[in-house]
Amino acid sequence: MPIISPHAFAPPPANDRGNPVSPLLREQVRRLERAHSLQRAGRTGVPLGLTEIDRLLPDGGLPTGALHEIEAGPAPSGRVATHDGAALAFTAFLMSRLGPGTLLWCRQPSGTSDAPPYAPALAAWFDPARLLMVTARRDEDLFWAMEEGLRTLGIAAVIGETRAADPTA
C-alpha cells in the first residue's frame, strides 16, 4: 500500500515570495481582524497558567468564542498520527480551565483500533460527567454536530476531533 506524505497536498506557505498577496486580499483580512477586535472588546482570555505564554497571547490567554486548532504531530513512522496523546492531553487541560457547563466532544472513528478518550484519564483534568461525546462517520455529520453545539446554551466548549476533513463539507 503506497504511503502518501501528509504534506503532499499542503498549500504553499503564506509568505511564499513567488505568490505575492494582492492588496485587495490584504485589505479584506485587515477589515476582518479589526471587526474581530471590536467584537472582543472587554473580553478576557482563558489563561493557561504559564505566565511566559499567557503574556504573549491576546487578552492574557486563549480567547473565548474563537476557534483554536491543535494538530496531531507525526508518528515515529513519519505518517500523521491518528491520535496524539500530547494534543489530547493539552485539549483536556484547556477544557479544565473553562467554567461550568457541558463539554461537547465531536469525533470521527479512526479505524479498527479506534477508541474514544479514556474517561479515568480525563478525570485528572475535569469531571467526565460534564462530557458529551458525539461520534460521526461522515464529515458533514461531524461539522453539523459541532455547529449545533456552538449554538446551544450551556455548552462550555466544543471540541472537534477530525481526520483530514474536507472543510467544505
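**A tour of the salt bridges**

Start by selecting Arg-151, an exposed residue with a relative accessible area of 57%. Remember as you look that this is a predicted model.

Colour helix α5 (residues 139-151) and you will find both partners in it, three residues apart, which is about one turn of the helix. Glu-148 has 30% relative accessibility, so it counts as partly exposed. Next, select Glu-147 too: salt bridges that share partners join Glu-147, Glu-148 and Arg-151 into one network.

How many salt bridges does the structure hold? There are four, so let us visit others.

Select Arg-138 and Asp-141. They form a salt bridge, with 3.0 Å between the closest N and O atoms. Arg-138 is partly exposed at 48% relative accessibility, and Asp-141 is partly exposed as well, at 33%.

For the last stop, select Glu-161 and Arg-107, whose side chains meet in a salt bridge (3.7 Å, N to O). Why does this pair tie together parts that are 54 residues apart in sequence? Because Glu-161 lies in strand β3 (residues 155-161), while Arg-107 lies in strand β1 (residues 102-107). Are these two residues buried or exposed? Glu-161 counts as buried at 15% relative accessibility, and Arg-107 is buried with a relative accessible area of 2%.

Conventions
Residues numbered from 1 in each chain as written. Predicted model: local features only at pLDDT ≥ 70, side-chain atom pairs only at ≥ 80, totals over all residues. Heavy atoms only, no water. Helix = DSSP H or I, 4+ residues; strand = E, 2+ residues; numbered from the N terminus. Buried < 20%, exposed > 50% of the residue type's maximum accessible area, 1.4 Å probe, protein only.
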